[in-house]
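Here's a quick briefing to read alongside the model. Have the sequence and the 3D view open as you go.

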Amino acid sequence: MAATQPSADVEGALLAHLNANGEIPDSRSFASSLGVPHKDVEDVIKRLRAFHIIESTDITREAWVLTDEAKGYAAGGSPEVHLVAAIPPEGASRAALEEEFGDVFDIARKAAAKNKWIRFENDLVLRTVEDARDELQELLKRVENGEVVPDPRKELERRKLVTKEKTIWYSLKKGPEFVVKRKTLATNVTREHLKSGDWKDLEFKDYNYGAQGQPIAIGYSQPLLEVREAIQNIFLEMGFSEMPTNMYVESSFWNFDALFQPQQHPARDSHDTFFLKAPATTTQLPDDYLEKVNQVHQSGGYGSKGYGYDWKRDEAEKNLLRTHTTAVSARMLYKLAQEEHFAPKRYYSIDRVFRNEAVDRTHLAEFHQIEGLICDYGLTLGDLIGVLEDFFSRLGMSKLRFKPAYNPYTEPSMEIFGYHEDLKKWVEIGNSGMFRPEMLLPMGLPEGVNVIAWGLSLERPTMILRNIDNIRKLFGPKVDFKVIKDRQICRAGISCSEPDRTLAGD
């Protein structure tokens, strides 16, 4: 391999050649004449071109390059030459050579035999030459150095030692700022310059005030968290207080029974809910309240006939991963009912829930639920509609429609639809309703106190606002961080190119 010359020597030779001849038609040939790799010349070309000392024209050609195997032969010699060197004058057994050379023995044996460097007598391998010149290594070195050589022999292609790739080299000529010797400009004033006083004679490199600095490593807002913060701010602006949602594990009692959801309801099946194996059950339930829930399920009360089935405490004690944050709402309402004097409350929560669902582009086994509720005397369905219009208008969705629906723990119940201006269609965005007396009165809340509530997933509005078509791109291990870095700020009903404070979290 050609020895690498210092960069200053390559630069000086290149400038001297241009000064004498006016041009260099082929930078690869020039590199070969200097005995240096073409990359060394290329680095000098790029540096001089930046100072307009030279001008270059790219030349693109297909050229031979070495495979990884060939690079090893170029550095350490071909296996056939090593094989000949390993055979003593009296010969060597084939088995011993196979053990020494391993996988490359067959390659070395065939090449050496083709060159008539070895012969065989039964199991004995004898060499027929004293010394073998490694022409293969010499040729591979020339190709590796980018030297101009005739096309390699077909033997190299057959052995897969070379492949053709597109390479770039250059034709060169003098530039407008051409000099035979480039003056090195100082970039800094050092202590030595100040002590010696030679800073007065130095020529300094101009500062490039238009140059871009290094990219600043900053954090980026995850779209889900960004929309969560915007919705949280809306709740706070509307006077809501956040409920504690740190208990992912919940009992079936608070998740289902306290919500007047019967024990034979399909949602309580293991195909829809994740039940815990350890601890499988809990006994930390309020006995007095539990008995009232038992009675209203079995026999009714508070104007209800109930469900008329044999309610089982064992079923209520089963632990699970909560399927909705309404379990937290039930706990908070029960706590409110135990206070000596009732006071109206506004609660909200945004946190994870878990359901045993098949994962696809719109469903995950865990997602985030948004829930809001208001507890006060004399609330009506009209109050619920008014609050929903206020809430969703702050998200940019002013066109709402409501459709009657069924929920075990709300009556009346409504599905919420919003008109998406970009999609030009009505999209279901949530569920709502008024909690049933069978749920509220056993808790001990006063007569005449009603609770209006609504809920929606955090992922669905985020997907709509961000034009994301697959929930796995938003939440989970398949999130694309480039999408997060290049995010746009948008909201439903407004073009994604228009910034909006509610989703910026300002």
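Which strands does helix α11 lie across? Helix α11 (residues 223-237) lies across β7, β10, β11 and β15, and runs at about 165° to β10. Keep in mind that this is a predicted model, with a mean pLDDT of 84 for the protein.

**The sheet and its helices**
- Seven strands make up an open sheet with mixed pairing, in the order β7-β10-β11-β15-β14-β13-β12.
- At the edges you'll find β7 (241-242) and β12 (400-407), each with a single partner strand, so one side of each has no neighbour in the sheet.
- Strands β14 (residues 425-435) and β15 (residues 449-457) run antiparallel and are joined by four bridges.
- Across that pairing, Ser 432 stands opposite Trp 454 in β15.
- Helix α16 (residues 381-394) lies across β11, β12, β13, β14 and β15, at about 35° to β15.

**Aromatic pairs**
- There are 19 aromatic pairs in the structure.
- One of them is Phe 253 with Trp 254: the ring centres are 5.2 Å apart and the planes sit at 80°, over the 60° cut-off, so the pair is edge-to-face.
- Phe 253 and Trp 254 are both buried.
- Another is Phe 342 with Tyr 377, with centres 5.4 Å apart and planes at 85°, so this pair is edge-to-face too.
- That pair links distant parts of the chain, 35 residues apart: Phe 342 is in the loop between α15 (326-337) and β10 (345-354), while Tyr 377 is in strand β11 (residues 366-377).
- Tyr 377 has 46% relative accessibility, so it counts as partly exposed.
- Ring pairs also tie Phe 235, Phe 240, Tyr 348, Phe 391, Phe 392 and Trp 454 into a cluster.

**Charges over rings**
- Arg 28 has its charged end over the ring of Trp 169, 5.0 Å from the ring centre.
- Lys 318 does likewise with Phe 275, its charged end sitting 5.9 Å from the centre of that ring.

**A look at Glu 411**
- Glu 411 is in strand β13 (residues 410-420), and its 45% relative accessibility makes it partly exposed.
- Leaving aside residues up to four places away in sequence, Glu 411 touches Met 434 and Arg 436.
- Glu 411 and Ala 453 are 42 residues apart in sequence, and their C-alpha atoms are 11 Å apart in space.

**Confidence**
- 92% of the protein's residues reach a pLDDT of 70 or more.
- Over residues 490-506 pLDDT stays under 50, and the model has 42 contacts beyond four places in sequence for this stretch.

Definitions and conventions. Residues numbered from 1 in each chain as written. Predicted model: local features only at pLDDT ≥ 70, side-chain atom pairs only at ≥ 80, totals over all residues. Heavy atoms only, no water. Phe/Tyr/Trp six-rings, centres within 6.5 Å; stacked < 30°, edge-to-face > 60°. Buried < 20%, exposed > 50% of the residue type's maximum accessible area, 1.4 Å probe, protein only. Helix = DSSP H or I, 4+ residues; strand = E, 2+ residues; numbered from the N terminus. Lys NZ or Arg CZ within 6 Å of the ring centre and 35° of its normal. pLDDT = per-residue confidence, 0-100. Contact = heavy atoms within 4.5 Å. Pairing = 2+ DSSP bridges. Axes fitted to C-alpha atoms, helices over the stretch in contact; angles between N-to-C directions.
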